[in-house]
Amino acid sequence: MGATLADIAAHAGVSEATVSRVLNDKPGVAQHKRQAVLTALDLLGYERPARLRRRTGRPVGLLLPELINPVFPAFAQALGPNFARRGFTPLIGSQSEGGLDEDEYIDMFIEAGAAGIVFFSGRHSDSGFPMERYIQLLGLGLPLAFVNGYRTGVDAPFFSIDEHSAMELAVRHLTAMGHRRIGLAVGQESYVAAQRKSEGFHSAMKKHAGDGARGVIEPSLYTDDGGISAGRALIAAGCTAVVCANDLIAVGVLAEARRQGLELPRDLSVVGFDDSVIARHAWPPLTTVRQPVTAMGVAIADAFVGEMNGIRASRTEYLFQPELVVRESTGPARA
């Protein structure tokens, strides 16, 4: 067992004495060291002692930014059975005002013995946020994965929807119906997704809208209130169509258009993003760019379970193709 202790200690970056204390479930070991030892056991293929085994599947942390936007519960719903079939039990954390922040959830997941953590549109998705905390966790041997918000310099798998293709679909749809003054309600500009949407929007407008066309970008919060504010500005700018960064923003744009007495889609066409449950029940039902949540859930679970079992996932960003779902919120441009 001496060589085995040495292997585990080397992989976990701790002493053999620390490994021994963890295996015998003794107190006096820092939680991050205990987790590093348990992770090393799993990755090296050693069976945990009976006292350290869990009756349910090993937990894996899923950290969502919120539950108000239905796309995030949809991701959790898609991932849950995919992890369960592979022997893992999801622990779901959602950040909200006055609740736990990302660092506190990370500590909670580690204390619960999480085999890894998947971050959905978390702090990593803000291009101005430093990545040292994630790099530190990876250095402790804790596998991580990130959804929507690619960043360089982090040795972990990233999963994203192709924002450029999404804007291509939306703009092509609108220009085919004669729209030339199109707005983009894009969300906060520091976010990777917003930057990619803006780039894709400019590119698609240049390609499809022709000379003299005008694209207007209006930053907003990722909420229906943000959509109301952005909608007001874009309508004032003379836009006949608005593409939105998510369905919540689109609902806000629809509400502002109705408040101003506009008829939808005769006076204003609106395209959402995500194809969350609210898109089907908005009024009018929302044309939107679908995020392939179910397919992403399978791919994330496959790649990340391999990662947690020591099978390295690709470090090239996993990009998923969107789909345009046409409903009643878009129509021909007014004369």
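K207 is exposed, at 60% relative accessibility (exposed means over 50% relative accessible area, buried under 20%, partly exposed in between, with a 1.4 Å probe and protein chains only). The model is predicted: local features need pLDDT of at least 70 and side-chain atom pairs pLDDT 80 or more, while totals for chains, interfaces and linings use all residues. Residues are numbered from 1 along each chain as its sequence is written, and side-chain values use heavy atoms, without hydrogens and water.

**Salt bridges**

- K207 pairs with E168 in a salt bridge, N to O 3.4 Å (a side-chain nitrogen of Lys or Arg within 4 Å of a carboxyl oxygen of Asp or Glu).
- K207 lies in helix 8 (residues 192-208) and E168 in helix 7 (residues 163-176), so this pair ties together parts 39 residues apart in sequence; helices (H or I, at least four residues) and strands (E, at least two) are DSSP runs numbered from the N terminus.
- E168 counts as buried, at 18% relative accessibility.
- D103 and R123 form another salt bridge, with their closest N and O atoms 3.4 Å apart.
- D103 belongs to helix 5 (residues 102-111) and R123 to the loop between strand 3 and helix 6 (132-139), so the bridge joins parts 20 residues apart in sequence.
- D103 is partly exposed at 29%, and R123 is partly exposed at 27%.
- A network of salt bridges links D103, D107, R123 and R133.
- R266 and D267 also meet in a salt bridge (3.2 Å, N to O), and D267 is buried at 12% relative accessibility.
- The whole structure has 18 salt bridges.

**Buried positions**

- Helix 4 (residues 71-84) has 14 residues and reaches 20 Å from first to last C-alpha, close to the 20 Å expected at 1.5 Å a residue (1.5 Å times one less than the number of residues).
- Buried residues of helix 4 include F72, F75, L79 and F83.
- Their cover includes strand 1 (58-64), strand 9 (269-274) and helix 12 (293-308).
- I8, in helix 1 (residues 2-12), is buried at 0% relative accessibility.
- Leaving aside residues up to four places away in sequence, I8 touches V19, V37, A40, L41, L44 and Y46 (contact means heavy atoms within 4.5 Å).

**Whole chain**

- The protein chain contains 12 helices and 12 strands.
- Of its 335 residues, 53% count as buried.
- The C-alpha trace of the protein chain spans about 80 × 35 × 30 Å along its principal axes.
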